[in-house]
Amino acid sequence: MSAEGEELAGWARMLADGTRATVCLALLDGRAWTATELAKLAKVSRPTISEHLNLLVAGGLLTEVRQGRHRYMKLAGPETAELIEGLAALAPRRTEVANSLSAVSKRDAFARARTCYDHLAGRLGVALADAMTERGLIDWSDGIALTPEGQAWLEDLGVQVEVRRGRPAVRSCLDVTERRPHIAGAVGAALCSHALHHGWVTHISGGRALKVNGAVQAFGLSSGV
């Protein structure tokens, strides 16, 4: 096996564990979590979660932030988040039976609109990508790129795009529920931040799901979102 193959296999082994995969999926909400919170979520002991977190940090999937006596964990960056979401979207889909009205509502809210690290996902995120494509705001002819019309649209909305070295302006991210791309990259992050700031979407407590307020009208999307 080549050195590159060994490295790829070693990296893949980090996610070939239910506990570590659960941790990475939870961190797609973009927040920093404590080891105690992640242990409770994964239903394992503190020593066990610490072993898993150390492996993920050493492997470059997570970063550690210390504040006083507390140790916080977060995904290494947006590229890692997009990779995790994409892998989850490619995994065989299991049909989960919701056995309560609360479970049904939670599942539907997650599918309708949510965050994927720092950008919009779910039906809302995919509808936004479709609308931007139809209006010529993004161009898919050679990968994906923001057009001059797209730049003007962002300026009209008052969206401030933070340009950061090493991060593309726009990037496609395969949506885990829709199995179609939504918009990531600096533009995706800016649109999500703008929507949250103006209350077009708001966080639903207990997860990544978002309540859609004025986002459909503000972005000019179909009312079927």
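Strands β2 (62–67) and β3 (residues 70–75) run antiparallel and are joined by six bridges; strands here are DSSP E runs of at least two residues, helices H or I runs of at least four, both numbered from the N terminus. One of the pairings to look for is Arg-66 with its bridge partner Arg-71 in β3. This is a predicted model, where local features need pLDDT of at least 70, side-chain atom pairs count only at pLDDT 80 or more, and totals for chains, interfaces and linings use all residues. Residues are numbered from 1 along each chain as its sequence is written, and side-chain values use heavy atoms, with hydrogens and water left out.

Zooming out, the open sheet has three strands in the order β1-β3-β2, with antiparallel pairing (two strands pair if DSSP finds at least two bridges between them). Its edge strands, β1 (33–34) and β2, each pair on one side only.

Now for the helices. Helix α4 (residues 46–58) lies across β2 and β3, at about 50° to β3. Helix α3 (residues 35–42) packs against α4 at about 105°, with the axes 9 Å apart; axes are lines fitted to C-alpha atoms, for helices over the stretch in contact, and angles run from 0 to 180 degrees between N-to-C directions. That makes α3 roughly perpendicular to α4 (65 to 115 degrees). In this contact (heavy atoms within 4.5 Å), Ala-35, Thr-36, Leu-38, Ala-39 and Ala-42 of α3 meet Arg-46, Ile-49 and Leu-53 of α4.

Further along, helix α7 (residues 122–134) has 13 residues. Its buried residues (under 20% relative accessible area, 1.4 Å probe, protein chains only) include Leu-124, Val-126, Leu-128 and Met-132. Just after α7, Gly-136 takes a positive phi of about 75°.

Notes: Parallel < 35°, antiparallel > 145°, perpendicular 65-115°, else oblique. Expected span 1.5 Å × (residues − 1). Buried < 20%, exposed > 50% of the residue type's maximum accessible area, 1.4 Å probe, protein only.
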